Amino acid sequence: MNVRAIFIDMDGTLLKASNNISYRNMEAIYRLMNQGVKVFLATGRHYEVTAPYHKEIGLGTPMICLNGAAIHDGQTGKAIQMQTVRVDEARFHQLTAENPFNVIVHTANGLYCKETNEEIDYWTKVGQIPPRYIGDLRQANYKDVLKYSVLTGAPSPKFSALFKKEAEVIDWNNGFELLAPNVSKWSAIKSLLRAYRISPKEAVAIGDGPNDIEMLRHVGTGVAMGNAGEEVKAAADFVTGHHEKDGLAEFIERYLHKAYVV
């Protein structure tokens, strides 16, 4: 397998449920880097809660954040690409205010949310930056939206379908996300592969969520985690182990590490 780049999802792939990178995953990545393979993080997280892990691994490559809506320079953290999304705000807020949904608005200038939760508290702890606003989002003054997250607590394709004409929709088991049309991890990967002059055939992508499906389909080798849903597994070329059992390292060790020549 001639691989020059690997794009790694974070939650459910690189990280355990404890939000830690295991020793085995770290070692597998280090050995890959020593072989000259470019290692990239490709995540739905915003920059502030991606950067600490990027630094922990010692990566210098750009970070794909917010499912491809933003790409950040690996050295300075500066956004080198941003894709803003526009929806009918009045309709969006009427729908979300009338229902017991939590809404998180990721903007170029920070986070706005209807109410806080455990995940947002964790983001604040790791990223060291609290939300800019918590409360009725109809009263919030925000702009340059990169991603809307609507947390309904259950699959909500009926609600998410209302936005398919104006946004890229990602359906999750507990809600949905909205991005600018044609924005995805794969769209960001394409632009980085062009910049690094790497063919998609020479790239591996590994992930576990519906936001990973497109990149798994389009790179040379798509890998689904053992904890991924059936639709994600169906899009992949390989299925590896569970993220709690170092499925990332398992794939890298088995297929990507070159044997030492004595």
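**View A. I8 stands opposite I206 in strand 12.** This is a predicted model. Strand 1 pairs with strand 12 in the parallel sense, over four bridges. In strand 1, A5 and F7 point one way, while I6 and I8 point the other way. All four are buried. In a regular strand, side chains alternate between the two faces of the sheet.

**View B. Strand 1, helix 1 and strand 2 form a right-handed β-α-β unit.** Strand 2 covers residues 38-41 and pairs with strand 1. The pairing is parallel and has four bridges. Here A5 stands opposite K38 of strand 2.

**View C. Helix 9 packs its buried residues against strands and a helix.** Helix 9 runs over residues 247-256. Its buried residues are G247, L248, A249, F251, I252 and L256. Their packing partners are strand 1 (5-8), helix 1 (23-34), strand 12 (203-207), strand 13 (221-224) and strand 14 (238-239).

**View D. The largest nonpolar core holds 33 residues.** I6, I8, L14, I29, I57, I252 and L256 touch the most other members. Elements giving two or more residues to this core include strand 1, helix 2 (51-57), strand 7 (110-113) and helix 4 (118-127). Helix 9 gives the largest share, five residues.

**View E. I29 is in contact with residues beyond its sequence neighbours.** Leaving aside neighbours within four places, I29 contacts I8, L14, V39, I57, L248 and I252.

Methods
Residues are numbered from 1 along each chain as its sequence is written. This is a predicted model: local features need pLDDT of at least 70, side-chain atom pairs count only at pLDDT 80 or more; totals for chains, interfaces and linings use all residues. Side-chain values use heavy atoms; hydrogens and water are left out. Buried means under 20% relative accessible area, exposed over 50%, partly exposed in between (1.4 Å probe, protein chains only). Contact means heavy atoms within 4.5 Å. Two strands pair if DSSP finds at least two bridges between them. A crossover is right-handed if, with the strands pointing away from the viewer, the path from the first strand over the helix to the second runs clockwise. A nonpolar core is a set of buried Ala, Val, Leu, Ile, Met, Phe, Trp, Tyr and Cys residues joined through side-chain atoms within 4.5 Å.
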